[in-house]
Amino acid sequence: MSGLERRQLEVFLAVARTGSFTRAAAELHLVQSAVSATIAALESDLGERLFDRTTRRVQPTPAGEALLPRAAEILDAFQTARDAVDEVRGGLSGSVRIGYMTNVTLFDIPRLLGRFSADHPAVTMHLAPSATGTAGLADGLRTGDLDVAFLAAKPADYPDLRIDVLASSPLGLGVAADHPLAGRDSIPLAEAAALRFVDFRPGFANRTLVDAEFRRRGLWRDIGIETSDTNDTAALIRNGLGVGFLPRYLVEDDPTIHWIVVTDAAFDMSVSVATARGRTRCRAAVRLADLARRYGQSL
C-alpha cells in the first residue's frame with residue numbers, strides 16, 4: 001500500500017470521526033484544502049461519494065459507512081506490520097491514540113505518560129479528551145478511533161472491553177460549607193433526593209451510576225445544572241448552586257465543601273485503563289496499557 005493511499009484512509013477516518021473537514025485538518029496538522037483534495041482523490045479512486053456535506057456537518061454516505069470498518073482494519077494491519085519490523089530491530093515507534101477524562105487527578109495520567117515517553121521516545125502520543133464522558137471513550141475504543149482509554153468504569157460496565165481498575169475513591173454528597181446540611185456526617189439517599197443537584201451530563205460515569213441507583217429505588221431528583229468537568233462541578237457546589245455527588249479525594253482537603261457519606265448506597269468512582277477486545281492493537285497501546293496496570297498496582 002502506498003503512503004498516499006494510507007494517508008487517504010487516515011484523512012477519511014479523521015473526517016468521519018470529527019464530522020468536519022476543518023476539525024480533521026486541525027487534528028492532522030494539515031490545511032483544509034489538503035484534506036478536501038485527499039477526500040476528493042479517494043472518492044475518485046473508489047468511484048463513490050463518501051460524505052454528504054452540509055453547512056453544519058459532514059456525514060458519511062452509505063458507501064462511506066461501509067468503508068469505515070475496512071479502513072480501520074487496513075490501518076490496523078499496517079500498524080501491525082510496522083510493529084513486527086520494530087520488534088526485529090528492538091525498538092518501538094509509531095503512534096498511539098489515547099482517550100482520557102479531563103481534570104481527573106485520582107490517577108496521575110500525565111506522570112504515567114511521562115514514564116512511557118521516557119521509555120519509548122519514538123512513539124507519538126495523540127491525546128483525545130472526551131466531550132461525552134466514559135460512554136464516548138468506550139465508543140471510541142469500539143470504533144477504533146482510540147487505541148487505549150483512561151475512563152471511569154469497572155469491568156462489568158462494559159463487558160466488550162478489557163478494563164482494569166487503577167484507582168478508586170468513594171462518592172459522597174458534596175455541599176457548600178454554609179449549606180444547612182454542612183453539619184451532617186451521613187444521609188440516606190431518599191433524603192438527598194429532595195435536594196437540587198449539580199451533576200455531569202448523561203454519558204459520564206458518575207451520572208450513569210447515580211441515575212441507575214435512583215431508578216432502582218424509584219426516586220426522582222432535580223438536576224438544576226449539568227456540567228462535563230469535575231472541577232466545574234465542585235466549583236458550582238462550592239458556590240451554593242446545588243449539591244452533588246463528588247469523589248472524596250477531590251474535596252478531602254477543601255474546607256469550602258463538606259462531604260457527607262450516603263449511608264445506604266455504595267457509590268465509588270474508579271479510574272481504569274481500557275482497550276477493545278477482539279481488535280488488533282498496536283504494540284505501543286499494549287505497552288502503555290501494561291505500564292498503566294503495573295503503575296496502578298504500585299499505588
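**Notebook: pockets, cavities and one threonine**

I began with the largest pocket, in which about 1400 Å³ of space lies. The model is a predicted one, in which local features need pLDDT of at least 70 and side-chain atom pairs count only at pLDDT 80 or more, whereas totals for chains, interfaces and linings use all residues. I number residues from 1 along each chain as its sequence is written, and side-chain values use heavy atoms, with hydrogens and water left out.

For this search I worked on a 1 Å grid over the protein atoms alone, where a pocket is an open set of points with protein on both sides within 12 Å along at least five of seven lines, a cavity is a set of points where a 1.4 Å probe fits but cannot get out, and lining residues have an atom within 4 Å of a point. Grid points are joined across faces, edges and corners, and a volume is the space filled by probe spheres set on the points.

**Largest pocket**

I looked up the lining of the largest pocket and found 45 residues, of which Arg-17, Glu-27, Arg-97, Gly-144 and Asp-145 are the closest to its centre. Two or more lining residues come from each of helix 1 (3–18), helix 2 (21–28), helix 4 (62–88), strand 3 (94–100), strand 4 (123–129) and helix 6 (133–143); helices (H or I, at least four residues) and strands (E, at least two) are DSSP runs, numbered from the N terminus. Helix 4 gives the largest share of this lining, ten residues. By class I noted 16 nonpolar, 14 polar and 15 charged residues in the lining of the largest pocket, counting Ala, Val, Leu, Ile, Met, Phe, Trp, Tyr, Cys and Pro as nonpolar, Asp, Glu, Lys and Arg as charged, and the others, Gly among them, as polar.

**Second largest pocket**

I then turned to the second largest pocket, whose volume is about 280 Å³. It is lined by 18 residues, and those closest to its centre are Ala-152, Ala-153, Asp-157, Ala-205 and Leu-209. Helix 8 (205–217) and strand 12 (268–276) each supply at least two residues of this lining, with the largest share, five residues, coming from helix 8. The lining of the second largest pocket divides into ten nonpolar, five polar and three charged residues.

**Cavities**

Searching the whole structure, I found two cavities of 30 Å³ or more. The largest cavity holds about 180 Å³ of space, and of its 16 lining residues the closest to the centre are Met-101, Val-104, Phe-200, Phe-204 and Thr-230. Helix 6 and helix 8 are the elements that give two or more residues to the lining of the largest cavity, which by class has eight nonpolar, seven polar and one charged residues.

**Thr-227**

I looked up Thr-227, which is found in strand 9 (residues 222–227). Thr-227 counts as buried because its relative accessibility is 6%, where buried means under 20% relative accessible area, exposed over 50%, and partly exposed in between (1.4 Å probe, protein chains only). Its side chain makes a polar contact with the side chain of Thr-233 at 2.7 Å; a polar contact is a pair of N or O atoms within 3.5 Å, of which, within protein, one must be able to donate a hydrogen and the other to accept it, and residues adjacent in sequence count only if both atoms are side-chain atoms. Leaving aside neighbours within four places in sequence, I listed Val-198, Asp-199, Phe-200, Arg-201, Asp-232, Thr-233 and Leu-236 as in contact with Thr-227, contact meaning heavy atoms within 4.5 Å.
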